[in-house]
Amino acid sequence: MTEGRLSGSALLPLAYRECRQIAATHGRTYFLATRLLSAERRPAVHALYAFARMVDDVVDRAARPHDGGPAAELDSIERDLRVALESRSGVAAQHASSAEHGESWASVPRPRDLVLAAVTHTIHRYGIAPQHFWTFLDSMRMDAPGAPTFRNRYGTMAQLREYMRGSAAAIGLQLLPVLGTVVPVSAAEPAAAALGEAFQLTNFLRDVAEDLDRDRVYLPADAIAAFGVDEELLFECRRTGRTDPRVRRALAHLIAVNRDLYRRAEPGIDLLEPRVRPAIRTAATLYADILHHIERSDYAVFDHRAVVPRHHRLRIAATEFTTATLRDRLAR
């Protein structure tokens, strides 16, 4: 290895460390739940999270002068990932055969390159279907101004679920091979997709105000119209910071829809390998608890963001770990 440069084998651990830092900084609930996984699985989950976060950040940033905007950058990310996967010439492959090839890498790679390196390695290592990543990126283009499929309003729940198929369900399907299952992966996919959608809908309910600030409405127009709510009323609630009674009823309805998704997903946790179940139960419990916090605040989603307190998150994680330990001992 030449001075000032990194070999592929040295770069890949750096790539996974970058992904871990992204997960620790931005995905507190997921990061805590991931601590319950085996050390072997954690880096892959961090890589998948970091890739999703990187793409989400691209979508959320404003277009910069002389670039093609978020849509063009998403195309670039997909192109780079396809090249790395199809040619096996990315950092993942270099790590796998660095002793044979001896290729070197820049000593200060871009964060994007590090995330792509880790996720490429994860996809190859666990045999994750690349289609789940293309489906995810297609949905992200629906969030990207300038993309042909851009959409910042959803008329029906069916339209929103079309978006969530890529933005959320695909994430659950990416994770399945990493977590492992006690049944064929295809048998566990419906529940994994439902849990991904449940997480995403919880995000939408928690982040109503933030989304309005970005001129996005992820609450289906037909669902909220049944309670006398339209987007003008939502913007008025955001302006005043007060939740109109009609909006409370609409949010209560959507929370019930959200909880049904969690109920449909819950049996799928038992289809996962036993050692990973506590982590996924922890993530599901903590995310579902956001809905309780919204309710306890009297649906005050326009003046603050519902957050599960850290002490509660730690208590849930500890409970799941203790329960899993007892199950292991009883099973022996």
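Student: In which helix is Ala72 found?

Tutor: Ala72 is found in helix α4, residues 69-87. Helices here are DSSP runs of H or I with at least four residues, strands are runs of E with at least two, and both are numbered from the N terminus. This is a predicted model, where local features need pLDDT of at least 70, side-chain atom pairs count only at pLDDT 80 or more, and totals for chains, interfaces and linings use all residues. Residues are numbered from 1 along each chain as its sequence is written, and side-chain values use heavy atoms, with hydrogens and water left out.

Student: Is Ala72 buried, partly exposed or exposed?

Tutor: Start with the cut-offs. Buried means under 20% relative accessible area, exposed means over 50%, and partly exposed lies in between (1.4 Å probe, protein chains only). Ala72 has 32% relative accessibility, so it counts as partly exposed. Now look along the chain. Gly146 is 74 residues apart from Ala72, yet their C-alpha atoms are separated by 8.8 Å.

Student: How many helices and strands are in the protein chain?

Tutor: The protein chain has 16 helices and two strands. It has 332 residues, and 52% of them count as buried.

Student: What share of the contacts comes from residues 24 or more positions apart?

Tutor: First, contact means heavy atoms within 4.5 Å. Take the contacts in the protein chain with a separation of 6 or more: residues 24 or more positions apart account for 74% of them.

Student: What is the average pLDDT of the protein chain?

Tutor: pLDDT is the predictor's confidence in each residue, from 0 to 100. The protein chain averages 85, and 79% of the residues score at least 70. Among the elements, helix α6 (residues 98-101) has the lowest mean pLDDT, 35. Helix α12 (residues 221-225) has the highest, 98.

Student: Where is the pLDDT below 50?

Tutor: One such stretch is residues 92-106, which has 30 contacts in the model beyond near neighbours in sequence. Another is residues 328-332, with zero contacts of that kind.

Student: What describes two packed helices?

Tutor: Two numbers do: the angle between their axes and the distance between the axes. Axes are lines fitted to C-alpha atoms, for helices over the stretch in contact, and angles run from 0 to 180 degrees between N-to-C directions. Take α3 (residues 42-60) and α8 (residues 131-141). Their axes come within 10 Å and cross at roughly 25 degrees.

Student: Are α3 and α8 roughly parallel or roughly antiparallel?

Tutor: Angles under 35 degrees count as roughly parallel, over 145 as roughly antiparallel, 65 to 115 as roughly perpendicular and the rest as oblique. So α3 and α8 are roughly parallel to each other. Their crossing is right-handed. A crossing is right-handed if the near helix is turned clockwise from the far one by less than a right angle, and left-handed if anticlockwise.

Student: Which residues make the contact of α3 with α8?

Tutor: From α3 come Leu48, Phe51, Ala52, Val55 and Val59. From α8 come Phe133, Phe136, Leu137 and Met140. Next, sort them by class. Ala, Val, Leu, Ile, Met, Phe, Trp, Tyr, Cys and Pro count as nonpolar, Asp, Glu, Lys and Arg as charged, and the others, Gly among them, as polar. This contact has nine nonpolar, no polar and no charged residues.

Student: At what angle do α4 and α8 cross?

Tutor: The axes of α4 and α8 cross at roughly 175 degrees and come within 10 Å. α4 and α8 are therefore roughly antiparallel to each other. On the α4 side, the contact uses Leu74, Asp75, Glu78, Leu81, Arg82 and Leu85. On the α8 side, it uses Phe133, Trp134, Leu137, Met140 and Arg141. By class, there are seven nonpolar, no polar and four charged residues.

Student: Is Gln174 buried or exposed?

Tutor: Gln174 is buried, with a relative accessible area of 1%. Its place is helix α9, residues 157-179. Leave out residues up to four places away in sequence. Gln174 then touches Leu48, Ile128, His132, Phe133 and Phe136.

Student: What is the phi of Asp215?

Tutor: Asp215 has a positive phi of about 60 degrees, although it is not a glycine. Asp215 lies in the loop between α11 (208-213) and α12. With a relative accessible area of 37%, Asp215 is partly exposed. Tyr299 also has a positive phi, near 65 degrees. Tyr299 sits in the loop between α15 (277-296) and α16 (310-331). At 14% relative accessibility, Tyr299 counts as buried.
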